[in-house]
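Please have the structure open while reading.

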Amino acid sequence: MSKIPPVHAEMNQFPVSEGQLQIGGYSLDKIADMLDKQVYYAYDKAVVKAQIDIFHRHIPSNIKLHYAIKANPYLPLINAMRPWVEGFDVASQKEMLLAIQSGMPSRDISFAGPAKQISEIRAAIVSGITLHVESELEFERAINIGKELNTKPIIAFRVNPAFELKASGMKMGGGPKQFGIDEERLFEILPELDYQQFEFRGFHIFWGSQNLKQEAIIDAHNNTFALAQKLVDITPTPTVTLNLGGGMGIPYFPGEKRLDLAPIGENLKQLLAQYPKLAKLELIFELGRFLVAEAGIYASRITDIKVSRGHTYLMTNGGLHHHLSNSGNFGQVIRKNYPVAIGNKMGAEASDEKVTAVGPLCTPLDTLADKMQLPQAELNDWLVVFQSGAYGPTASPQDFLGHPHVSEILL
Ligand SMILES: Cc1ncc(COP(=O)(O)O)c(C=O)c1O
């Protein structure tokens with residue numbers, strides 16, 4: 001029996017009208033005309049809202065949803081999401097300023113990230129946001145800057161847990177890590193601190209990212225609650241907030257399926273019952289890609305079609321410089337294809353031929369889709385890369401080779 005090759009999850013989040021993909025009710029041609037650009041990212045806010053609704057449908061209502069701006073800091077998107085989420089997680093001073101300017105109250109903004117610079121710590125203290133402290137020296141610096149400014153810094157400790165995520169995905173906790181303070185060290189220092197010198201907010205336990213395995217996430221939540229209970233118990237002052245991290249993934253590659261949040265939510269309900277002291281805290285999830293990645297496409301025009309020794313190349317005006325993660329060079333070990341379509345030929349039958357779509361950079365790494373079966377492509381067709389709403393333009397080397405930067409639109 002021949003094995004059926006794994007396929008991409010169905011990209012059914014956007015409507016199609018007469019074979020034309022519609023983003024926020026606009027065809028790709030219309031968006032190009034509106035922007036006067038032939039290569040762009042388009043984000044559909046209805047899809048973002050739908051993802052937020054999925055979260056709330058399954059996750060207990062006393063767990064707040066924060067958006068991790070790093071996933072997509074496009075300003076119209078941040079502003080659109082502002083009323084839909086209860087806080088923002090920022091990773092730099094620039095993101096902090098975007099969050100504050102959106103009108104999000106400073107108490108609902110938290111700043112996590114290793115190697116924070118003194119100027120960033122200072123700006124965070126002045127702004128009254130919560131600093132997720134990632135090292136003991138960072139803590140000392142925050143206390144000293146607070147004294148200088150006569151302002152108590154608001155501090156939560158980012159914990160590097162001893163447990164490690166059981167499944168693949170990006171591991172950001174367990175073992176030696178640049179993130180957070182090791183839990184065993186926290187057990188030593190927490191009873192000794194002078195809690196008069198700062199406003200103690202709580203703990204941040206972030207163990208990883210892009211996880212599609214329910215069992216692994218459930219396991220991480222069980223470990224997170226057990227650890228949090230111990231931390232809360234040995235801290236001599238009341239804990240206010242417990243940030244449970246995030247890690248929920250979206251399907252990018254063949255064989256991957258959308259995460260079912262129902263069992264994750266059920267398990268969280270049980271954990272809240274099992275740990276009544278923790279259930280009374282302000283509980284937070286901070287999610288990036290789960291909220292925005294499904295809502296974005298990257299569209300480029302096919303500007304040449306050439307055949308080299310029998311293999312067809314769709315040459316486009318887009319590439320790795322706009323979309324590094326799709327090229328496979330943002331953390332993938334072996335390059336796999338994102339879901340891709342010809343956006344003006346939706347529903348058309350795929351040709352038998354496997355084609356490769358590339359960009360204008362002189363490196364074989366500049367591949368948008370490799371050996372994929374797509375409908376017969378013609379010049380001027382739209383090559384669309386789905387699942388592109390997170391870690392797109394701002395995670396790409398836009399200046400590489402001096403081609404124009406990419407445009408963005410939220411519809
Ligand atoms: C501290 C922190 N929070 C949130 C995120 C967002 O992760 P994701 O976009 O996978 O949800 C990250 C990602 O690196 C992170 O480091």
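## Helix packing

Helix α5 (residues 118-127) and helix α6 (residues 136-149) have axes that come within 10 Å of each other and cross at roughly 55°. The model is predicted. Angles under 35 degrees count as roughly parallel, and 65 to 115 as roughly perpendicular. The angle here is roughly 55°, so α5 and α6 are oblique to each other. The crossing of α5 past α6 is right-handed.

Helix α4 (residues 93-101) also pairs with α5: their axes come within 10 Å and cross at roughly 20°. That angle makes α4 roughly parallel to α5. Here the handedness is left: α4 passes α5 in a left-handed crossing.

## Ligand surroundings

Which residues are closest to the ligand? They are Ser209, Glu286, Gly288, Arg289 and Tyr391, out of 14 residues that surround it. By class, this shell holds five nonpolar, four polar and five charged residues.

## Polar contacts and burial

In Glu286, a side-chain N or O atom is 2.5 Å from a ligand nitrogen. In Asp89, a polar side-chain atom lies 3.5 Å from a nitrogen atom of the ligand.

How much of the ligand's exposed area does the protein bury? Taken alone, the ligand exposes 400 Å², and the protein buries 94% of that.

Technical notes: Residues numbered from 1 in each chain as written. Predicted model: local features only at pLDDT ≥ 70, side-chain atom pairs only at ≥ 80, totals over all residues. Heavy atoms only, no water. Near = heavy atom within 4 Å. Polar contact = N/O pair within 3.5 Å; in protein donor to acceptor, adjacent residues only side chain to side chain. Areas by Shrake-Rupley, 256 points an atom, 1.4 Å probe, with all protein chains shown as cover. Nonpolar A, V, L, I, M, F, W, Y, C, P; charged D, E, K, R; others polar. Axes fitted to C-alpha atoms, helices over the stretch in contact; angles between N-to-C directions. Helix = DSSP H or I, 4+ residues; strand = E, 2+ residues; numbered from the N terminus. Parallel < 35°, antiparallel > 145°, perpendicular 65-115°, else oblique. Left-handed = near helix turned anticlockwise from the far one by under 90°.
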